[in-house]
Amino acid sequence: MSTYTTTWKSPSNIALVKYWGKKTNEVQIPSNASISFTLRNCATITTLEFEEMDGLAIKVRLEGDEEPSFEPKIEQFLHRIANIFPFVLHGKYLIDTSNSFPHSSGIASSASGMSALALCICDIAVEKGLLTQDKFKETASELARLGSGSASRSIYGPMGVWGDHPDFIGSSDSFAIPYSDVNAVFKDYCDTILLVHKGQKTVSSSIGHGLIDDNPYSPARFAQAQENMTKLKSILKSGNIDGFINLVESEALTLHSLMMSSNPYFILMKPNTLKIIEAIWAKREEDGARAKWCFTLDAGANVHFLYPQADKAAAQAFIEEELAQYCENRAYIHDEVGMGAERV
Ligand code: PMV
């Protein structure tokens with residue numbers, strides 16, 4: 001019986017056109033296409049030690065400490081990917097994982113964590129002669145998707161596209177593809193994550209995705225997202241920052257409006273989320289063409305503050321002077337667009 005050990009570092013990502021809703025009766029198939037910036041600094045490093053054996057045993061360590069609460073989710077993931085690689089159900093797993101961002105930051109680690117684990121499993125599949133290098137990233141993205149939809153996009157940089165869309169050649173519901181046909185300004189865009197609320201979210205993404213089916217606005221939303229993919233494609237290519245701001249902020253607020261219009265309804269923003277949005281809008285109003293800064297949101301209270309690399313000094317001064325007061329313990333994380341996962 002063989003033992004395999006491998007380590008991958010995989011980043012988080014932030015969607016610009018959001019995935020919110022899955023097709024019913026299918027496993028992790030999105031209702032619309034989505035596109036994200038891959039981040040550079042917020043990442044998970046996972047070492048997997050896999051020993052072949054009859055049966056399945058999983059042990060997880062997070063930042064060096066045993067974390068049994070992760071095990072059911074990983075077991076479910078392994079059962080889902082067993083259709084692709086049946087060997088995954090016959091082994092002893094020691095998964096040692098750590099995040100570059102604090103565990104209690106409210107930053108979801110599912111995208112970075114699931115993609116890192118998927119990549120480790122693909123390394124084993126290669127060693128076993130079950131996977132070739134030309135299909136490596138595509139398969140890793142497919143496995144990651146089965147763990148957490150948005151994780152499919154973390155494999156590549158500077159951007160990832162997941163979900164079938166006629167304007168994105170090669171796009172698929174099963175896995176994400178890399179996307180780089182963008183103006184230079186977007187290749188190193190900055191994202192400072194303003195940590196408004198570091199605690200657990202009150203409603204998980206999987207519950208939120210499930211509620212969209214009965215949301216009366218969902219058909220219009222899915223059509224809008226597909227249209228926004230087309231619009232964003234040309235905005236990214238031309239470097240149209242005004243168009244970018246308008247589309248990206250609208251997507252963020254639409255995501256949260258879907259939560260508010262679900263039943264049961266819920267709100268994941270906090271009062272300080274709105275304070276930050278208002279401060280960003282006031283700054284844009286005041287500075288006109290100079291402060292081309294905007295925000296997006298994920299499924300939580302934190303705000304992703306987006307600005308071009310050329311504005312770094314001014315935008316970061318603005319964060320410290322005006323936005324940090326709305327963050328829990330004034331905490332924020334500077335990040336920027338990165339190039340995807342790497343073997344360690
Ligand atoms: O991958 P999940 O199931 O955690 O869903 C992610 C949903 C959003 O972050 C809100 C949007 C997205 O496309 O990443």
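Start by selecting Lys 312, a partly exposed residue with a relative accessibility of 30%. On this tour, buried means under 20% relative accessible area, exposed means over 50%, and partly exposed is anything in between, using a 1.4 Å probe and the protein chains only.

Before you click on, keep in mind that this is a predicted model, where local features need pLDDT of at least 70 and side-chain atom pairs count only at pLDDT 80 or more, while totals for chains, interfaces and linings use all residues. Numbering runs from 1 along each chain as its sequence is written, and side-chain values use heavy atoms, with hydrogens and water left out.

**Stop 1**

Glu 336 itself counts as buried because its relative accessible area is 18%.

A salt bridge is a side-chain nitrogen of Lys or Arg within 4 Å of a carboxyl oxygen of Asp or Glu. Helices (H or I, at least four residues) and strands (E, at least two) are DSSP runs, numbered from the N terminus.

**Stop 2**

The structure has 13 salt bridges. For another one, pick Arg 61 and Asp 96, whose side chains meet with an N to O distance of 3.1 Å. This pair links distant parts of the chain: Arg 61 is in strand S3 (residues 56–62) and Asp 96 in strand S5 (residues 91–99), 35 residues apart. Arg 61 is partly exposed, at 29% relative accessible area, and Asp 96 is partly exposed at 29% too.

Next, go to helix H8 (residues 271–287) and show Lys 283 and Asp 287, which both lie in it, four residues apart, or about one turn of the helix. Their side chains form a salt bridge at 3.2 Å, N to O. Are these two buried or exposed? Both Asp 287 and Lys 283 are buried.

**Stop 2: Arg 221**

Select Arg 221 in helix H6 (residues 218–238). Its relative accessible area is 4%, so Arg 221 is buried. Its side chain makes a polar contact with the side chain of Glu 251 at 2.8 Å. A polar contact is a pair of N or O atoms within 3.5 Å; within protein, one must be able to donate a hydrogen and the other to accept it, and residues adjacent in sequence count only if both atoms are side-chain atoms.

**Stop 3: the ligand**

Among the residues around the ligand are Lys 18, Trp 20, Ser 148, His 209 and Leu 255. By class, the shell holds five nonpolar, five polar and two charged residues. In this scheme, Ala, Val, Leu, Ile, Met, Phe, Trp, Tyr, Cys and Pro are nonpolar, Asp, Glu, Lys and Arg are charged, and the others, Gly among them, are polar.

Where does the ligand lie relative to the domains? Domain 1 (3–183) and domain 2 (189–336) both give residues to the shell, so the ligand lies between them. The domain bounds come from an automatic or database domain assignment.

Zoom in on the ligand's oxygen atoms. A polar side-chain atom of Arg 153 is 2.7 Å from one, and a polar backbone atom of Tyr 19 is 3.0 Å from one. Ser 205 has a polar side-chain atom 3.5 Å from a ligand oxygen. The protein covers 89% of the 380 Å² of accessible area that the ligand has on its own. Accessible areas use the Shrake-Rupley method with a 1.4 Å probe, and for residues only the protein chains shown count as cover.

**Stop 5**

Pro 158 is in the loop between helix H3 (136–147) and strand S6 (159–162). Another cis bond runs from Asn 263 to Pro 264, with omega near 0°; Pro 264 is in the loop between helix H7 (241–260) and H8.

Last, select Asn 25, which has a positive phi of about 65° despite not being a glycine. Asn 25 lies in the loop between strand S1 (3–17) and strand S2 (34–52), and it is exposed, with 83% relative accessible area. Asn 329 also has a positive phi, about 50°, without being a glycine. You'll find Asn 329 in the loop between H9 and S11, exposed at 65% relative accessible area.

Note on methods:
A residue is near a molecule or strand if one of its heavy atoms lies within 4 Å of it.
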